[in-house]
Amino acid sequence: MSTQNGPDRPKTPAESADVNKVVTDTKAAQDAGVPMVSLVVDGKSVSVPKGTLVIEAAFSAGSDIPYFCYHPRLTSVGACRMCLASVELEMFGQRRASIMATCTVPAADGMVIKTTTPDVKKAQNGVLELILANHPLDCPVCDRGGECPLQNMTISYGPPNTRFIEDKRRYVKALPISDHVVLDRERCITCMRCTRFASEVAGDSKLGLINRGAQSEVGPFLGGTFDSNFSGNTIEICPVGALTSRQFRFKGRPWEVKSSDSICTKCSNGCNIAVGHRMGEVVRINGRVNEDINEEWTCDKGKFGNADVNSPERLTVPLIRDAHGALVETDWDTALSAVVTNLQYVAENYGSASLAAIGTTTGTVEDNVLLNKLYRGVYSATNLAYQLNEAPRRLPKASIVSVEKAQHIVSIGMDLAYDQPMYYLRSVKAQRNGAVVVSIDSVIGLGDVALTPESVVLVPDTLAAADYQVIDSACSAAGCGYSVLASDANAYGPYLAGLDGTEAPSVSDLSVGLDASSKATDVLSGLSAGSIKHVFVMGSDPVTHMRDSRLANAAFSSDAFVVVTSQFMNATTAKASVVLPIASFSETAGSYLNVDGQLQTVDAVVPPKAGTRPQWQVMLELNARVGNPLPVFTPSDVLPAGLVPGGSE
Amino acid sequence: MPVEQTQLLYRHRNVPGINRLETYVAHGGYEQFRKAVAMDPEAIIEEVKVSGLRGRGGAGFPTHIKWNAFPKNRDVEHYFIINADEGEPGTAKDRDLMNALPHLLVEGCLCSMVAVRAAKCYIYIRGEYIEPWKSVQKAINDAYAAGFLGKNVLGSGLDFDIYTHLGAGAYECGEESALMSSLMGERGMPRLKPPAAPLPMISGVWKRPSVVNNVETAATIPAILELGGAKYAEIGVGSPRSRGTKLFSISGHVNKPGIYEIVLGTPFSEVLDIAGGVRDGHQLKTYIPGGSSMGFAPPTPLDYPFDYEGIPQNTQTLGLGSGGLMIFDETTDVFKVTHRLVDFYHHESCGKCTPCREGLDWLSKIYARIASGGGREQDIDLIWDICDSIRGKSFCALGEGAIWPVMTSLRLFRHEYLSYIHHGRNTYSDAGQLGA
Amino acid sequence: MAKFTDDTKRRLDALIARYPTAKAALLPALWVAQEVYGGWLPPEAMQEVADHLGVPASDVAGVATFYTMYNKRPVAHHRIEICQNVACMVNGADELIGYCERKLGIHAGEMTADGTFSVERVECLGACCHAPALMVGSTYYENATEQTVDKLIEELANMPSESVNPPQSQMPEQGEF
């Protein structure tokens, strides 16, 4: 017989997330004044908001109901029939109990639910026997093994053996359906989680059901690929090993993979992620719940793109320009000494006006604080910049979460799904609720869009200054305003770190908006004019990213001493005097302000790659070397007072 | 004295040219629609209620209950949908009705549309029924030309449009919610039903009030309006809950297979006689009373009322179903027939739910193994257990219908299974005689 | 290569007009596409339907592969589809199928080398009272015998499929509405 189960059965992280989602929804419904209904689950009375499904009411009552196809963020289909329980209710004037799929039935007053009767046990056993009939049971070579809902439910609820002696359905194993996802149709139990995700959440329907009956299978359009920026989520919600990650394939058993909370820094959205690492190496990225940002999803850029932390292209040795003008490897002490020597030389001989620094919009607030302490604090430098684009500096009017309630969404000059993935997912939600979503390539198309005061206009931070003026006047006329969506993970972190020289900078300043001038242009002009002799470029690549690339090229071709911190070689490091190899997001602690103003703080997940150092430690050491030792042991020691991280909990 | 077989739907079945508008009108056609369009919708529903009409498609649900659940206004579009996706093995009545009496269907639809306050009707016809489809579409076109369809019909101020919608080969689309999926351009998979979802009469196709009725149900409405509900309810010689007449497709080993309109409650032996009796020189072995999903009935008793109540009570099958009566004589290999049906349901399972998808796949493999001599005695219990895992647990009625012939054949003909298991063939039938 | 002509598109638009959503016209649109593409639906046909209806291509594939009458492979000119279900089976359908197989030298589910004929087992055709039944194109042949098959094959052998079987999607024109 099956092992002990019931309310005390330890839940998997995925199950706990589902239960927590139910708790969140219940609370939200209560707050919204949704009427409650009372029912009895396994002898225990519970009240739940009207509309709650019986399986969810059972969770609230602490009962255990196994399931595969149910997912709190997808519409219920009642396909797998694993969540069968005895439901007693009144229908057509008669009160009777019958076995029902609890994921489809809304809880109602007076219902009596029983999840552990012999009939229910027999039904659950029977369904699992059927689910397993054609399943290949190739768990030893399945990446899902060890964290597989089907394995877990079989241990707890399944039959002890199989009576299936027939030939199983056979398909080509391990069929790659995209760059990231491998499909194994033999393992698929046709729960339709992935296909529902594709149509309901990702909104691109890139994965669908084909054929029917016992030959039903999931897949991309015939002959096509699963080219969605959200494909990786299907790997996580697949309750079996049918959809697995090509990147994680055979990288280790799930229990060898430690999971640490982090924030994705691939774009500005600040998705909450769980970084899986094995023996100090990042092996996979999973989504983590944050209802205000990513719910529980990730985009593929975040899920798979972060593998670049393991890239052999990573810089692991400081570089210094030698007498012949070539960048050559050196050690940290030599590199840092060279930086300090030049810094002191320029300060003494040319004054602080000849010093400049460009803060990081991809690193942490703390990195910037320590940069500020060195250049502004020690040397009174004021040529401190960070903004490489020409966008107005203002937090967006529309937050990520607000977009799902919008009725009219206009995105200009972006591929929202790739550039602002979480804004995109909320726009899909809005669209499912009837919103009109319009995407135009450039401001030229704006004239054809009928804006109203309720329109939500989403704009990237990469347009030309003139474009913002066009948008501003169109949106002012319509009375709707517009939202500039930053690209980088910490676009306003340097401001919060004080790089603008503002006393006690705060997030609310950013809601109001800062003056729009881009000081980076001043720095670069100073460099090309020769008035700036020393510049510290922290973690950015102005030569590539400045709109005025001619100015950027000229600036970094000057004789000034250029220090660049970076994880990889790029167009700016190529012109540097000293290049300092720094740790990745997963290797460093610190805080980030995401696109809509949520401050999130994370710890390092793995040690820095050998030879690299976290940026804040580099800055701490430079401060110490110029005679400014700081009592800093972790980045949080320098987080400005008044900045309270909230989002990552 | 045999029961007098009142003919309502088939009264003019054999009139030459009855499929043409002029002939149909000459025989009183569209008179009931003229009457209906002037009636209060509630009065029509009341007549249908009094008539005791139950759905002729298979479930036998009282028609008036469905109709009464519609909103009593025309604030949003209501849809009247005809299930002409006849596919239940043994059932051929709707095809005949559409081929021979297309205007009766159109008139029935029109009367029903008045009752449920619908201006739009879709007739969902299975993909194989090209000829019936053309027949019905022609009738619709002629009805438009004659002013029975279109805008402000007969000066009523009401608009009526009827469209045909051709399926493409999926038995599951005969299930009303799957039919609605298919009508909306989706895979023909069943949708959630009460208590998990609102009634279709509140939120059906395109989330608007909708009802799905069988071809024969709609075609019965003119007769009810002509006779009056009370008079219609007087027809029937069996259960007080089985009123009127019903089309039966009688097939298999009978002398005169065909489609017959039979007064509900007529003794089964008389029904058999109407079809000429079991073919000469043979005896009744078993029969399926109402389409393959109903299961196999024992050869006795013969004298019981053949209607919604009488069949399940006397045969332990699911009942009257869609009226597909299949007669099998002693030459029939019941194991083989059941195997065929298992493969049919396996082929037609939509794949949405585990029990039906996997259970039928497994059953199909077990039957194939037994048929090819690899049977084991424990397979009988296994088949029963698999049926038990499907019964009451599948998403829709297809799974339930699939196991009923399996379970009834096991109950009545277990020895034939054992014969295959022990001897590799059926020693209880002479399969070589099939088709003789 | 797109095969939908302006006329095809006009027919599709007429179908779309019958329903509250364009998606609802998917089944009839696939019938039209199958006709335009010579009796079957290659992925390009599904893509054209998807583009014209504004429905995701994967949804179109999902629907096209769900229904058995949409052909996912090229088909014979004359498809002899014989009902194998119970009423026909107990009236000799298996023997009739066997006869066809022997006569054409192919197994059920295959087509002759020249692509003229195929024999296919199909499920209940709703001709139970006149069993066994078979269907060629849109035409039923009931109470079929070996002689029926002989005559049929002889007649069809030299006929283009269209002259015998009007394309299934050829909708009888509706009135002006």
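**Figure 1. Chain A as a whole.** The secondary structure of chain A comprises 19 helices and 26 strands. The model shown here and in the other views is a predicted one. Along the principal axes, the C-alpha atoms of chain A fill a box of roughly 95 × 55 × 50 Å. Its radius of gyration is 28 Å, which agrees with the value near 26 Å that a compact globule of 649 residues would have. Buried residues make up 53% of the 649 residues of chain A. Of the contacts in chain A between residues at least 6 apart in sequence, 72% join residues at least 24 apart.

**Figure 2. Domains 3 and 4 of chain A.** Chain A is divided into domain 1 (13-140), domain 2 (166-310), domain 3 (319-389 + 491-638) and domain 4 (400-485). Between domain 3 of chain A and domain 4 of chain A, the contact takes four residues from domain 3 and five residues from domain 4. On the side of domain 3 of chain A that touches domain 4 of chain A, one residue is nonpolar, one is polar and two are charged. The C-alpha centres of these two domains of chain A, domain 3 and domain 4, lie 33 Å apart.

**Figure 3. Helix α8 of chain A and its surroundings.** Helix α8 of chain A runs over residues 332-350 and has 19 residues. From its first C-alpha to its last, α8(A) reaches 26 Å, close to the 27 Å expected at 1.5 Å a residue. Buried residues in α8(A) are A:A335, A:L336, A:V339, A:L343, A:V346 and A:A347. The buried residues of α8(A) pack against strands β14 (319-321), β16 (355-358), β22 (534-538), β23 (561-566) and β24 (578-581) of chain A, and against helix α19 (615-625) of chain A. After α8(A) comes A:G351, with a positive phi near 90 degrees.

**Figure 4. Where chain B touches chain C.** This contact takes 57 residues from chain B and 42 residues from chain C. On the side of chain B that touches chain C, α7 (130-145), β3 (161-166), α8 (176-183), β5 (245-252), β6 (258-263), β8 (324-329) and α13 (334-348) of chain B each supply at least two residues. With eight residues, α7(B) gives the most to this side of chain B. The residues of the side of chain B that touches chain C divide into 23 nonpolar, 23 polar and eleven charged.

**Figure 5. Where chain A touches chain C.** Here the contact takes twelve residues from chain A and ten residues from chain C. On the side of chain A that touches chain C, six residues are nonpolar, four are polar and two are charged.

**Figure 6. Chain C and its helix α3.** Chain C is divided into domain 1 (7-66) and domain 2 (78-161). Taken over C-alpha atoms, the centres of domain 1 of chain C and domain 2 of chain C are separated by 29 Å. In helix α3 of chain C, residues 43-53, the buried residues are C:A45, C:M46, C:E48, C:V49, C:A50 and C:L53. Helices α2 (26-36) and α4 (57-66) of chain C are among the elements that cover the buried residues of α3(C). α3(C) is followed by C:G54, whose phi is positive, near 70 degrees.

Figure 7. Most peptide bonds are trans. In chain B, a cis peptide bond with omega of about 5 degrees joins B:P194 and B:P195. B:P195 is in the loop between α8 and β4 (210-214) of chain B. In chain C, a cis peptide bond joins C:A131 and C:P132, with omega about -5 degrees. The loop that holds C:P132 is between β2 (117-122) and β3 (134-136) of chain C.

Figure 8. Most residues other than glycine have a negative phi. A:M192 is not a glycine, and its phi is positive, near 70 degrees. A:M192 is in the loop between β7 (181-183) and α5 (193-201) of chain A. A:M192 counts as buried because 27 other C-beta atoms lie within 10 Å, where 20 or more are needed. B:Y30, also not a glycine, has a positive phi of about 70 degrees. The place of B:Y30 is the loop between α1 (21-26) and α2 (31-37) of chain B. With 24 other C-beta atoms within 10 Å, B:Y30 is buried.

How values were computed
Residues are numbered from 1 along each chain as its sequence is written. Chains are lettered from A and ligands numbered from 1 in the order in which they are written. This is a predicted model: local features need pLDDT of at least 70, side-chain atom pairs count only at pLDDT 80 or more; totals for chains, interfaces and linings use all residues. Two residues are in contact if their C-beta atoms, placed from the backbone, lie within 7 Å. Ala, Val, Leu, Ile, Met, Phe, Trp, Tyr, Cys and Pro count as nonpolar, Asp, Glu, Lys and Arg as charged, and the others, Gly among them, as polar. Domain bounds come from an automatic or database domain assignment. Helices (H or I, at least four residues) and strands (E, at least two) are DSSP runs, numbered from the N terminus. The radius of gyration is taken over C-alpha atoms; the globule rule is 2.2 Å times the number of residues to the power 0.38. A residue is buried if 20 or more other C-beta atoms lie within 10 Å of its own, exposed if 12 or fewer, and partly exposed in between; C-beta atoms are placed from the backbone. The expected span of a helix is 1.5 Å times one less than its number of residues.
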